[in-house]
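Here is a protein chain to get to know. Take a moment to turn the model around before reading on.

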Amino acid sequence: QVQLVESGGGLVQPGGSLRLSCVVSGMIFRLYDMGWYRQAPGKQRELVARITVGRSTNYVDSVKGRFTISRDNAKNTVYLQMNTLKPEDTAVYYCNVPTQVFVWGQGTQVTVSS
C-alpha cells in the first residue's frame, strides 16, 4: 500500500523558515502529481501547493511567493520550502496525491509563534 511519511516540522518564530519532506513508497512516484496540504485545529484540510509530473507548480494565494514545492523522483520525495512564515501558517502539514488521495500519513506539525 501507499505510505506517506512527512517530516521537518517544528516551532519557528514569525518570519522564519522550515523545509518539509515527504517520503513516498508503494507507488510509481514519478507518475503522480503531488501536493502539500495543511489542517489547522477546527479547520478543513486545504491544498496549499501542488507539483505535477512535469514539475509545474500551483499555490494558494496565501502562500504564493513564500512557499516552494519541489520533488526528487530519484528519492521518491516531495519537499515544501516554507519562508517568511506567519502565525496563520500554523497547522499540521500532510502530503498526498491531489488526483487520487491515499490514506493520510501522520503529518508534521508546524507552529509559528513568538
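Predicted model: local features only at pLDDT ≥ 70, side-chain atom pairs only at ≥ 80, totals over all residues.

**A walk through the model**

Residues are numbered from 1 along each chain as its sequence is written, and side-chain values use heavy atoms, with hydrogens and water left out.

Back to Glu-6, which lies in strand β1 (residues 3-7). Strands here are DSSP runs (E, at least two residues), numbered from the N terminus. The Glu-6 side chain also reaches the backbone nitrogen of Cys-95, at 3.0 Å. Glu-6 is buried yet has no salt bridge, and the nearest side chain of opposite charge, Arg-45, is 7.4 Å away. Buried means under 20% relative accessible area, exposed over 50%, and partly exposed in between (1.4 Å probe, protein chains only). For charge, Lys and Arg count as positive and Asp and Glu as negative, while His and the chain ends are not counted. A salt bridge is a side-chain nitrogen of Lys or Arg within 4 Å of a carboxyl oxygen of Asp or Glu.

Now look at strand β9 (residues 91-96), where six of six residues are buried. Strands pair if DSSP finds at least two bridges between them. β9 runs antiparallel to β4 (residues 34-39), joined by five bridges, with Gly-35 opposite Asn-96. Three bridges join β9 to β10 (residues 108-112), again antiparallel, and here Ala-91 stands opposite Val-110.

So where do salt bridges turn up? The structure holds five of them. One joins Asp-33 and Arg-50, with the closest N and O atoms 3.0 Å apart. Asp-33 lies in the loop between β3 and β4 and Arg-50 in strand β5, so this pair ties together parts 17 residues apart in sequence. Asp-33 counts as buried at 15% relative accessibility, whereas Arg-50, at 22%, counts as partly exposed. Another salt bridge brings the side chains of Glu-46 and Arg-38 together at 2.9 Å, N to O. Those two belong to a network of salt bridges linking Arg-38, Glu-46, Arg-66 and Asp-89.

Definitions and conventions
Helix = DSSP H or I, 4+ residues; strand = E, 2+ residues; numbered from the N terminus. Polar contact = N/O pair within 3.5 Å; in protein donor to acceptor, adjacent residues only side chain to side chain.
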